[in-house]
Amino acid sequence: MQHVTILGSTGSIGISTLDVLQRHPEKYRVFALAANKSVEGLFEQCLQFHPAMAVMLCPQSAEKLKTKLDAAGLMIEVQSGMQALERISSTEQTDIVVAAIVGAAGLLPTLAAAKAGKRILLANKEALVMSGALLMREVQANNAVLLPVDSEHNAIWQCMPVGETQQYQFENKGIRRIILTASGGPFRDWDIADLEAVTPEQAIAHPNWSMGQKISVDSATMMNKGLEVIEAHWLFGMPSDKIEVVLHRQSIIHSMVDYLDGSVLAQMGNPDMRTPIANTLAWPERIDSGVEPLDLVKAGRLDFAAADFGRFPCLALAYQALNIGGTSTAILNAANEVAVEAFLQKQIKFTDIARIIANVLESVPATPADSLEQILSADKLAREAAQKQTKVLCNH
């Protein structure tokens with residue numbers, strides 16, 4: 001029996017993970033569930049899965065949850081705050097940590113899980129984007145297992161040489177490049193001039209995937225794919241010029257690996273996150289995920305196109321930050337989080353997101369990213385710079 005902690009259990013990845021877990025009660029038990037402020041969502045999950053612990057990042061939300069659990073007669077320990085997230089990620093009572101908290105808030109508990117030698121199912125891009133070298137060092141030093149849940153990185157991992165888990169030695173495995181596929185989001189066919197008028201409601205309406213608001217906006221700007229380029233660099237040890245992004249509107253091929261002998265291995269499936277979740281939960285075995293089998297005849301066709309940096313400047317900015325190195329990717333991520341939130345609050349235009357990120361990358365100097373302190377300092381400075389940029393744009 002494997003005991004599972006889910007960080008971000010009320011989000012789309014957390015909900016999908018619980019759906020897979022409930023299909024295999026003989027294999028998995030939920031040890032802890034964690035969320036930010038969704039009291040009702042976490043309460044309902046506690047009613048169904050009876051975890052030993054429930055953690056909310058927001059202390060006031062934790063108090064409300066405890067009141068509801070006590071009234072329901074459920075003996076579940078409730079804690080709050082970042083230290084509590086780190087505790088449930090590193091305790092001996094959990095075997096698998098699903099890192100699905102969106103944004104920089106996922107960094108510290110993911111590092112705690114790595115230091116404790118856990119099996120980490122990584123759905124939080126920002127942990128690697130902010131601290132790739134540091135996180136990978138902790139994974140290796142403590143014999144943790146880091147398995148990618150992002151559909152693209154999971155696809156790459158499945159197309160890798162058998163027997164490897166992470167940090168593949170590309171030069172020794174005959175691999176020429178990684179090909180990350182991207183749907184292109186809801187605005188892939190729009191005139192570029194029309195993007196100035198995009199609304200938050202339009203940006204979160206993804207054509208293929210059901211996701212949270214922040215990641216949906218990231219998909220629309222293609223920053224999501226830019227973060228995945230950075231993530232792929234750290235997961236697979238591949239330089240930026242060997243990581244290519246290709247638009248694939250059907251989201252059936254989730255990514256590919258191109259080998260020197262001319263072979264291109266692709267992982268395919270219906271666009272449903274339960275597939276990579278089940279794959280990483282059970283690896284090296286395979287279990288039922290509840291996903292409908294892929295019907296290639298019904299799919300009919302697979303289309304591909306180049307990713308246009310003119311249409312998707314956030315993708316170009318991600319490559320730029322990766323090539324600069326050091327804390328530049330943490331700066332990129334922080335500026336993006338601030339800008340996306342401002343856009344969702346209708347304070348700035350859709351096209352201002354890239355403008356803010358570009359200005360912050362230029363104004364906040366990158367430093368080495370050898371320690372957590374350096375990374376968090378860069379994150380703080382970038383957020384402050386992005387907030388100033390937002391206020392300037394708001395006043396125009």
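Let's start at the hairpin of E10 and E11: four residues sit between the two strands, and Gly262 there has a positive phi near 100°. A word on names: helices (H or I, at least four residues) and strands (E, at least two) are DSSP runs, numbered from the N terminus. Please keep in mind that this is a predicted model, where local features need pLDDT of at least 70, side-chain atom pairs count only at pLDDT 80 or more, and totals for chains, interfaces and linings use all residues. Residues are numbered from 1 along each chain as its sequence is written, and side-chain values use heavy atoms, with hydrogens and water left out.

In which sense do strand E10 (residues 253-259) and E11 pair? The sense is antiparallel, over five bridges; two strands pair if DSSP finds at least two bridges between them. If you follow the pairing along, Met256 stands opposite Ala266 in E11, and Val257 stands opposite Leu265 in E11.

Now let's zoom out to the sheet around it. Five strands form an open sheet with mixed pairing, in the order E11-E10-E8-E9-E12. Strand E11 (264-268) and strand E12 (305-306) are at the edges with a single partner strand each, so one side of each has no neighbour in the sheet. Lying across strand E8 (175-182) and strand E9 (243-247) is helix H11, which runs at about 150° to E8. For angles like this one, axes are lines fitted to C-alpha atoms, for helices over the stretch in contact, and angles run from 0 to 180 degrees between N-to-C directions.

There is a second sheet to look at. Here seven strands form an open sheet in the order E4-E3-E2-E1-E5-E6-E7, with parallel pairing. Its edges are strand E4 (77-80) and strand E7 (145-148), each with a single partner strand, so one side of each is left without a neighbour in the sheet. On average, neighbouring strands of this sheet are turned by 20° against each other, direction ignored. Helix H2 (residues 39-49) packs on the sheet and touches strand E2 (28-35) and strand E3 (53-56), its direction making about 165° with that of E2. Contact, by the way, means heavy atoms within 4.5 Å.

How is the protein divided? There is domain 1 (2-148) and domain 2 (175-324), with bounds that come from an automatic or database domain assignment. The C-alpha centres of domain 1 and domain 2 lie 25 Å apart, and 26 residues of domain 1 are in contact with 25 residues of domain 2.

Next, helix packing, and H11 comes back. Helix H6 (residues 125-141) and helix H11 (residues 223-236) have axes that come within 8 Å and cross at roughly 20°. H6 and H11 are therefore roughly parallel to each other; angles under 35 degrees count as roughly parallel, over 145 as roughly antiparallel, 65 to 115 as roughly perpendicular and the rest as oblique. Among the residues that meet here are Leu128, Val129 and Met136 in H6, and Leu227, Ile230 and Trp234 in H11. By class, this contact of H6 with H11 has eight nonpolar, two polar and four charged residues. In that count, Ala, Val, Leu, Ile, Met, Phe, Trp, Tyr, Cys and Pro are nonpolar, Asp, Glu, Lys and Arg are charged, and the others, Gly among them, are polar.

Helix H7 (residues 151-158) also packs with H11, at an angle of about 35° and with the axes 10 Å apart. The contact includes Ile156 and Trp157 of H7, and Leu235 and Phe236 of H11. Its residues divide into five nonpolar, one polar and four charged.

Another pair is H10 and helix H15 (residues 328-344), packed at about 100° with their axes 10 Å apart. That makes H10 roughly perpendicular to H15.

Two backbone details to finish. Most residues other than glycine have a negative phi, and most peptide bonds are trans. Met222, in the loop between helix H10 (213-221) and H11, has a positive phi of about 70° although it is not a glycine. And Trp283 and Pro284 are joined by a cis peptide bond, with omega about 10°; Pro284 is in the loop between helix H12 (274-282) and helix H13 (296-299).
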